[in-house]
Amino acid sequence: MEEVDVEPSPMLIPSAGFHQRHLGFEWGPGDLLVYETNYKLQGPRSAGSPLVHVVRKDEDICSPILRKLFNESHLIFVGLQKIKEDVPSKNKKSQFVSISKNYRSVIRACMEELQQNAGKHSPDTHRTRREGCSRSADHAVVLFSVSAQDGSLASQYGDQVSILLAIELIWNLCEVLFIDAAPAGSLLLHLLDWVRLHKSDVDARAREVLQSESPAQHQSYWDVVISLVLQGRMDEARQVLSKQASLRAESSSVFKRMDVLLQTMPIFNPTGTQTLTEFDVKWRHWHEECDRCLQDNTFASNRHLETIVKILVGDEDTILEQKELLSTWYHFLVTRLLFTHPTIKPPDLHYYAQSSMNMFLGPRAPPEPLDIILLSAFEFDLHQVIKDCSIALNNWWFVAHLTDLLDHCKLLQSHNLHFGSNLREFLVLEYASGLFTHHSLWQLAVDYFDHCPEFGRVYLELQIERIPLDTERKAIKVLRICEDRQMSEQVRSICKIMAKRALRNNRLGSALSWSIRAKDAAFATLISERFLQDYCNKGSFTDLDLLDNLGPAMLLSDRLTFLGKYREFHRLYGENRFSEAAKLLLSLMTAKIAPRGLWMTLLTDALPLLEQKEVIFSVDQTYELMSCLEELNTGTKDSNTTDQDEDIESTKTELLRLALARNLAMAIVKEGTIET
């Protein structure tokens, strides 16, 4: 993957439409926008109408079952990031292998659920194409994409199962070769487990044969025996073979001899005390014994037993004759190694892999994408595996999570891309960007961006701005994410959007709350004005809980400060704390906090206090009120006021003058009496 990718040549797509122009397209994070261009179409015209189409690239993100895969793997991913970096990677090997198996178990669980759903929607419950990622032509197609219009829902589920089977097959092999990094001896044991797991149809056929009335007479009997031998499952092969031996007393010695060969085949035990050299010597002795039986024609009387002994000695032509039972070249590879080179070392693996693929496929059958990916893995070319998977698979889930795990294993440290970010971060960013196109999975993407140290924050800031804030609940979720990451610009943007939306819907309390969170003084002033207008029109405040608990937030703007204090005046008045209310009302006017247009309203609010039996305003306070009233009356008159409005204002002024004069007299008498 060191080469710089060449820019692809432009391709004109024939269009349908009245204008008969070519189509253009543009990839988004998860969709493809197709539109009509100015390039005129040459040749015959087609019928249709000019439309803009949105083509979804990643259909898997819309599958409810596969969303479970995304959710479960997200938890594993986050857990992996918490493994301490200061611990040597060799000491963390068991943890990494365990995490890899967790990923595979999630894939398996999704496959099982998809298979169950495919069965519910179709009578053909075995639609998943030979269940082992075989080399059928339709599998090569399904590796590239899953079409939402691929016939029935069962067909769609079947396609998704096939993709997950391929993904799990590749992941399991990478786990064996790179993460677990099994040495010689253990390597073949892991490869045998890999083949057995992904060639599970043998177990189903074995059960079918053994549960029949006459197993030895079953048409698949010998196929089962040979299949078990090809997978190195000698004890099970002996069990099935015993059914035949019990029926043929005259040839029981031949079957007993085969039973001994199968029973005595050496299997390396990595936890035992036997060294690899000792095992190799023992295996060669056993191999010579099998060859001696073949040369002596010990099994010439039974062609099936003779085929088995030829397999045991590693006769490649005989093994190749079992193509139908092997079904894949990589099964052939593992069987070939089992009977010719069980102590294979990892560096030698690619020679056998390449020759096995060539032998199995032959010169006419070209390798498919899956074959090329597996061969690259056997060649220990990690970057080629990741590159080919990125091209062949229809979303970034697999390559992003596998690359992240391999990066933690310190297997990708030497590889950087030509445009800045390393390979691991690039793939994680691409995967997370795709998640952001989904209405609920976008929340998972945040954690992926958090663990991309170079460009993660930049991507998150760009993607956050594209999230549709459909509801206030969703907006609060997005806001909390931004606040936790000190994304102040995005916080302000979200709050402004929500404040304007609330204001359009005449939800003043919500609008004020959002503007305060945005620390937008201008917008807070505007909403405060609306609150005051509503009060003037209705005679009462709304959203009292918010106004009563503004606290220091009321200092955001002068108008908001006035609104908060004015509401406090009404609260004090309602609690019969008249002296405090009067002092606060006067301070709002004398400190010029109150807008001049509301002075008459404030003075009118003072009337009930002026007419109390007990003197509330002192002499000085009364003079200040008189001064405010006179200042208001000597100011510039509004040219838009009607005669009726002037009459009302005049009446209010006269009432206030009368009340102020009466209060002044009472205050003078009271204060004079006190002084005396």
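Predicted model: local features only at pLDDT ≥ 70, side-chain atom pairs only at ≥ 80, totals over all residues.

Me: Next, pairs of helices. What describes two packed helices?

Reply: Two packed helices are described by the angle between their axes and the distance between those axes. Take helix 7 (residues 221-230) and helix 11 (residues 303-312): their axes come within 10 Å and cross at roughly 10 degrees. Angles under 35 degrees count as roughly parallel, so helix 7 and helix 11 are roughly parallel to each other.

Me: Which residues make the contact between helix 7 and helix 11?

Reply: From helix 7 you have Trp222, Val225, Ile226, Val229 and Leu230, and from helix 11 His304, Leu305, Thr307, Ile308, Ile311 and Leu312. By class, this contact has nine nonpolar, two polar and no charged residues.

Me: And at what angle do the axes of helix 10 and helix 14 cross?

Reply: The axes of helix 10 (residues 276-295) and helix 14 (residues 329-340) cross at roughly 95 degrees, and they come within 10 Å. Angles of 65 to 115 degrees count as roughly perpendicular, which makes helix 10 roughly perpendicular to helix 14. Helix 10 brings Trp283, Trp286 and His287 to the contact, while helix 14 brings Leu338, Phe339 and Thr340. Those residues divide into four nonpolar, two polar and no charged.

Me: Now the inside. Where do nonpolar side chains tend to be in soluble globular proteins?

Reply: In soluble globular proteins they tend to be buried together. In this model the largest nonpolar core has 198 residues, and Trp194, Leu312, Trp329, Phe378, Trp397, Phe398 and Ile464 touch the most other members. Helix 4 (residues 153-179) gives the most to this core, with 16 residues.

Me: Leu312 was in the contact between helix 7 and helix 11 too. Which residues does leucine 312 touch?

Reply: Leaving out residues up to four places away in sequence, leucine 312 touches Val229, Met234, Met258, Leu261, Leu262, Trp286, His287, Cys290 and Phe339.

Me: How do I read a single helix? Which residues of helix 21 are buried?

Reply: Check where the buried residues sit around the axis. For helix 21 they are Gly456, Leu460, Gln463 and Ile464. They cover an arc of only 95 degrees, which puts them on the same side of helix 21. What covers them includes helix 19 (423-435), helix 20 (442-450), helix 22 (472-484) and helix 23 (488-504). Ile464 is also one of the core residues that touch the most other members.

Me: What about arginine 457: what is its relative accessible area?

Reply: Arginine 457, which lies in helix 21, has a relative accessible area of 38% and is partly exposed. Not counting residues up to four places away in sequence, arginine 457 touches Phe449, Cys452, Arg485, Gln486 and Met487.

Me: Let's do backbone angles. Which residues have a positive phi although they are not glycines?

Reply: Alanine 181 is one of them, with a phi of about 50 degrees, and asparagine 297 is another, at about 60 degrees. Alanine 181 lies in the loop between helix 4 and helix 5 (186-198), and asparagine 297 is in the loop between helix 10 and helix 11. Alanine 181 is partly exposed at 40% relative accessible area, and asparagine 297 is partly exposed at 49%.

Me: Last one: aspartate 548. Where is it found, and what is it in contact with?

Reply: Aspartate 548 is found in helix 26 (residues 544-548) and counts as partly exposed at 32% relative accessibility. Setting aside neighbours within four places in sequence, aspartate 548 is in contact with Arg567 and Arg571. Its C-alpha is 9.3 Å from that of lysine 565, 17 residues apart in sequence.

Conventions: Residues numbered from 1 in each chain as written. Heavy atoms only, no water. Helix = DSSP H or I, 4+ residues; strand = E, 2+ residues; numbered from the N terminus. Buried < 20%, exposed > 50% of the residue type's maximum accessible area, 1.4 Å probe, protein only. Contact = heavy atoms within 4.5 Å. Axes fitted to C-alpha atoms, helices over the stretch in contact; angles between N-to-C directions. Parallel < 35°, antiparallel > 145°, perpendicular 65-115°, else oblique. Nonpolar A, V, L, I, M, F, W, Y, C, P; charged D, E, K, R; others polar. Arc of directions from axis to C-beta. Core = buried A, V, L, I, M, F, W, Y, C linked by side-chain atoms within 4.5 Å.
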